[in-house]
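Welcome! Have the structure open beside you as you read, and take the topics below one at a time.

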Amino acid sequence: MQWLDALIQGVLLGGMYAQYALGMALMFGVMRIVNIAHGDLMILLALTGISLAAAFSLGTLSLIVVLVPLAAALGWALQRGILNKVVGEDPLPSLIATFGLSIALQNLMLQIWSADTRSLRGGGLESASIDLGGVYIGVLPVIVLVTAIVLTASLDFVIRGTRFGRGLRAAAADTEAAAMTGVNPKTIYAASTAIAVAILGIAAVFQSLRATVSPADGPAQLIYAFEAVIIGGMGSLWGAFVGSMVLGVAQAIGFRIDPGWGILFGHVIFLAALAIRPEGVMMKRR
Amino acid sequence: MLSTHALTAGYGDFQALFGVDFEVRAGEVVALIGANGAGKSTLLRSILGLLSVARDMVRFRGESVGGSKPHAMVRNGIGIVPEGRRLFAGMSIEDNLRVAIDYGRKPQRGENVASLWTIERIYKLFPILRERRDQVVHNLSGGQQQMVAIGRALLTQPMVLLCDEISLGLAPKVIHEIYDVLPMIRQAGTALVLVEQDVSLAQRASDRLYCMLEGRITLTGDSNTMTREAIAEAYFGANHAVA
């Protein structure tokens, strides 16, 4: 029973990671842009959300409605203003630019919000749970997991089956050839980053409901997102979802063995996955 | 229809083109020949806006369009089959073609819709592509990849199609197959620019011919009446012994 509980809690935790990882799967996996500021953007959105909710006494749903368009606009501006200038064959310029952005964001957030940890109140939602024969399942984590599944399925459909998705895959495969086929790579990249950061906006609300956030939390979230994408396989959105599950379950089992081991266990599984299946679990062997 | 006027272009400090005057008229097939490094691909890249040129150096349908963004050129009606094919790796044949339909030139009001290229017409042109429509493009042979590249370019509904070395690296039989469809493309009303290294192939397939050497046009004229000697001189330079 104890291990079943660990497995279930791990899957639920994986749902949260899947929300961080989805935007990363789009930007890193599909567009091949290394965005070191991914976690910091999420924290920025979380802190902004907490302040907005306090200032205008917004409920969870109305906060999502306000925060997501804001996040999309932030993503659009990020791509237009910074990333479009540094994308190319070489991943190093985008890595350095976003690394700088990450440090700047952390300091900016520290300046505005101080180092205090904050969280969002969900009106009892955050502590509600269901008893399933001795295993307690939190209502919020279930909502998080379902949201992650819906988001992954929708984005996967958009990438595979729509005009926008084809244009994006074309631009990611060969930017110049895409332009020679009429695709404007800069616009399509800006729209994709807007989507990726909009998803982070949703993740930010759930993260601040589920746990606490403080300005220095970004890099840890970044690592989880990177690990999930790499475990699953570059370019596969469901791969990132599966990778998040692997990470969540590994951490939950680690915590059960020894409370100090949880996070470490996740990283160890990631390294093992990298050694055994570097192409990712969802990828066909070449 | 499409012309360049004293076009100069280069890469950084290196000047590759020196005052090139080039023209394609509606419905015409023009060949552009020259040795490696003569500037043929550079000329195409400058026309398409991949290299920066002054506004009035490129004119298309009566307007100065030099230096516009490549995607805008394509949507305006200049298509290209790029050197080396440049297909979208990891995507199926059909998805490669659909990108062109999605993002290519949109028909203007009053334009005959029946004359537009469709995926169905591309499959008629190259039946093998229909059989393999769902396969990812890197599993195809070189000739089949070239067919996808041509199909993709046609589906952007070009009025002028620039073909950059479409015979490169292909078996003679496959080159033959591909050149066989050019008259059909022309019949559809699309003007063609063929960049070629194979001089006799270029001469046979075209109405007019330009020869380039070291970034300049060294010869231009009617493809049929041009002599081998004149071409050899323009191709290798005046001082070169004709083999």
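At roughly what angle do the axes of helix H9 (residues 218–232) of chain A and helix H11 (residues 262–276) of chain A cross? The axes cross at roughly 30°, and they come within 10 Å of each other. Keep in mind that this is a predicted model.

**Helices H9 and H11 in chain A**

- H9(A) and H11(A) pass each other in a left-handed crossing.
- From H9(A), the residues that take part are A:Ile223, A:Tyr224, A:Glu227, A:Ile230 and A:Ile231.
- They meet A:Ile263, A:Gly266, A:His267, A:Phe270, A:Ala273 and A:Leu274 in H11(A).

**Helices H6 and H7 in chain B**

- In chain B, look for helix H6 (residues 142–154) and helix H7 (residues 172–180), whose axes come within 10 Å and cross at roughly 20°.
- Because of that angle, H6(B) is roughly parallel to H7(B).
- The crossing of H6(B) and H7(B) is right-handed.
- On the H6(B) side the contact is made by B:Gly143, B:Gln146, B:Met147 and B:Ile150, and on the H7(B) side by B:Val174, B:Glu177 and B:Ile178.
- The residues of the contact of H6(B) with H7(B) comprise four nonpolar, two polar and one charged.

- The size of an interface is often given as the accessible area lost when the parts come together.
- Here, chain A and chain B bury about 1900 Å² between them, and 57% of that is on carbon and sulfur atoms.
- Three residues, A:Arg166, A:Met180 and A:Thr181, supply 36% of the area that chain A buries against chain B, which is more than any other three residues.
- The contact draws 19 residues from chain A and 22 residues from chain B.

**Salt bridges**

- How many salt bridges are there over all chains? The count comes to 16.
- Five salt bridges are counted between chain A and chain B.
- Across the two chains, the side chains of A:Glu176 and B:Arg45 meet in a salt bridge, at 3.0 Å from N to O.
- Inside chain A, the side chains of A:Arg160 and A:Asp156 also meet in a salt bridge, at 3.0 Å from N to O.
- A:Arg160 and A:Asp156 are four residues apart in helix H5 (residues 139–161) of chain A, so about one helical turn separates them.

Note on methods. Residues are numbered from 1 along each chain as its sequence is written. Chains are lettered from A and ligands numbered from 1 in the order in which they are written. This is a predicted model: local features need pLDDT of at least 70, side-chain atom pairs count only at pLDDT 80 or more; totals for chains, interfaces and linings use all residues. Side-chain values use heavy atoms; hydrogens and water are left out. Axes are lines fitted to C-alpha atoms, for helices over the stretch in contact, and angles run from 0 to 180 degrees between N-to-C directions. Helices (H or I, at least four residues) and strands (E, at least two) are DSSP runs, numbered from the N terminus. Angles under 35 degrees count as roughly parallel, over 145 as roughly antiparallel, 65 to 115 as roughly perpendicular and the rest as oblique. A crossing is left-handed if the near helix is turned anticlockwise from the far one by less than a right angle, and right-handed if clockwise. Contact means heavy atoms within 4.5 Å. Ala, Val, Leu, Ile, Met, Phe, Trp, Tyr, Cys and Pro count as nonpolar, Asp, Glu, Lys and Arg as charged, and the others, Gly among them, as polar. Buried area is the accessible area (1.4 Å probe) that two parts lose on being put together, summed over both. A salt bridge is a side-chain nitrogen of Lys or Arg within 4 Å of a carboxyl oxygen of Asp or Glu.
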